[in-house]
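Here is a note for a colleague who is opening this structure for the opening time. The points below are meant to be read with the model in view.

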Amino acid sequence: DVLPTIETTDELMVDWFSEAGYHTRFAGTGLFTQESFNVVNRFDYAYPDDLSPAEGVTNRIIDQVQTARDKGQPWYVQGHYFDPHIPYDSTPAAYQDEVNKLPELDGKYAVHTNWLASAMPDLWDTYDAETQELILQHVDAWYRGEIRYVDDQIERLMNTLDGLGAL
């Protein structure tokens with residue numbers, strides 16, 4: 001068990017909002033969105049998704065905010081982004097500029113751009129120092145691209161919420 005299960009008796013913020021009469025909604029991604037973690041099943045409405053890119057999550061959060069506001073009662077919307085976690089294969093091309101400046105990785109090393117080098121010590125130790133450094137540069141560049149991508153999506157979300165008068 002890598003992640004602990006939240007017990008049904010554990011109090012979460014959504015529980016407090018529900019008890020106070022708020023309409024609660026969820027949109028997001030990640031492992032904890034599975035019903036077995038006892039999180040999303042506590043919301044009045046949940047739109048969980050396994051691994052959608054940040055843009056899709058932002059769109060769903062905005063939709064959930066607009067729907068909650070239309071209900072005419074106090075509301076709480078929780079969003080959760082899986083980006084910037086591995087795998088980095090959903091990063092839009094516009095955020096891959098740092099990766100594109102690096103020398104290409106041989107296909108057999110490319111696996112490390114999606115799974116951190118430390119997660120595969122048996123393979124990692126077989127690479128020479130130069131290859132290890134290039135892999136780390138690729139992982140770092142992918143991660144920085146993911147951070148910029150999520151940051152832009154959060155900025156879009158905040159601007160939308162501000163335009164709705166919801167901040």
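1. In this predicted model, E98 forms a salt bridge with R148, and the closest N and O atoms of the two side chains are 3.1 Å apart. Since E98 lies in helix α3 and R148 in helix α5, the pair ties together parts of the chain that are 50 residues apart in sequence. E98 counts as partly exposed, at 28% relative accessibility.

2. R148 also meets the side chain of D97 in a salt bridge, with an N to O distance of 2.5 Å. D97 lies in helix α3 and R148 in helix α5, so this pair ties together parts that are 51 residues apart in sequence. D97 is partly exposed, with a relative accessible area of 34%, and R148 is partly exposed as well, with a relative accessible area of 28%. Through salt bridges that share partners, D97, E98 and R148 are joined into one network.

3. The count of salt bridges comes to 4, and one of them is formed by the side chains of D15 and R42, at 2.6 Å from N to O. This pair links distant parts of the chain, with D15 in helix α1 (residues 13-19) and R42 in the loop between β1 (23-29) and β2 (45-49), 27 residues apart.

4. R25, which lies in strand β1, deserves a separate look. What is the nearest side chain of opposite charge to R25, and how far away is it? It is D44, 7.1 Å away, and R25 is buried yet has no salt bridge; a salt bridge would need a nitrogen and a carboxyl oxygen within 4 Å. Leaving aside residues up to four places away in sequence, R25 touches F43, Y45, Q64, T67, A68, K71, Y76, V77 and Q78.

5. Turning to the aromatic residues, the count comes to 5 aromatic pairs. The rings of F17 and Y22 have centres 4.9 Å apart and planes at 70°, so this pair is edge-to-face. F17 is partly exposed, with a relative accessible area of 22%, and Y22 is likewise partly exposed, with a relative accessible area of 29%. Both residues belong to one aromatic cluster formed by F17, Y22, F26, F43 and Y76, and of these F43 and Y76 are also among the residues that R25 touches.

6. A further aromatic pair is formed by Y95 and Y149, which is tilted, with 5.3 Å from centre to centre and 50° between the planes. Y95 lies in the loop between β3 (75-80) and α3 (97-100) and Y149 in helix α5, so the pair ties together parts that are 54 residues apart in sequence. Both Y95 and Y149 are buried.

7. The largest nonpolar core has 14 residues, and the members that touch the most others are A54, I61, V65, V77, Y81 and L157. Which elements give two or more residues to this core? They are α2 (54-70) and α5 (129-163), and the largest share, 6 residues, comes from α2. Not counting residues up to four places away in sequence, L157 touches T58, I61, I62 and Y81. A second, separate core has 12 residues, including I86, L134, V139 and W142.

8. For the chain as a whole, the secondary structure comes to 5 helices and 3 strands, and from the N terminus on the elements run α-β-β-α-β-α-α-α. Buried residues make up 38% of the 167 residues in the chain. Among contacts between residues at least 6 apart in sequence, 67% join residues at least 24 apart.

Notes:
Residues are numbered from 1 along each chain as its sequence is written. This is a predicted model: local features need pLDDT of at least 70, side-chain atom pairs count only at pLDDT 80 or more; totals for chains, interfaces and linings use all residues. Side-chain values use heavy atoms; hydrogens and water are left out. A nonpolar core is a set of buried Ala, Val, Leu, Ile, Met, Phe, Trp, Tyr and Cys residues joined through side-chain atoms within 4.5 Å. Buried means under 20% relative accessible area, exposed over 50%, partly exposed in between (1.4 Å probe, protein chains only). Helices (H or I, at least four residues) and strands (E, at least two) are DSSP runs, numbered from the N terminus. Contact means heavy atoms within 4.5 Å. Rings of Phe, Tyr and Trp (its six-membered ring) pair if their centres lie within 6.5 Å; planes under 30 degrees apart count as stacked, over 60 as edge-to-face and the rest as tilted. Lys and Arg count as positive and Asp and Glu as negative; His and the chain ends are not counted.
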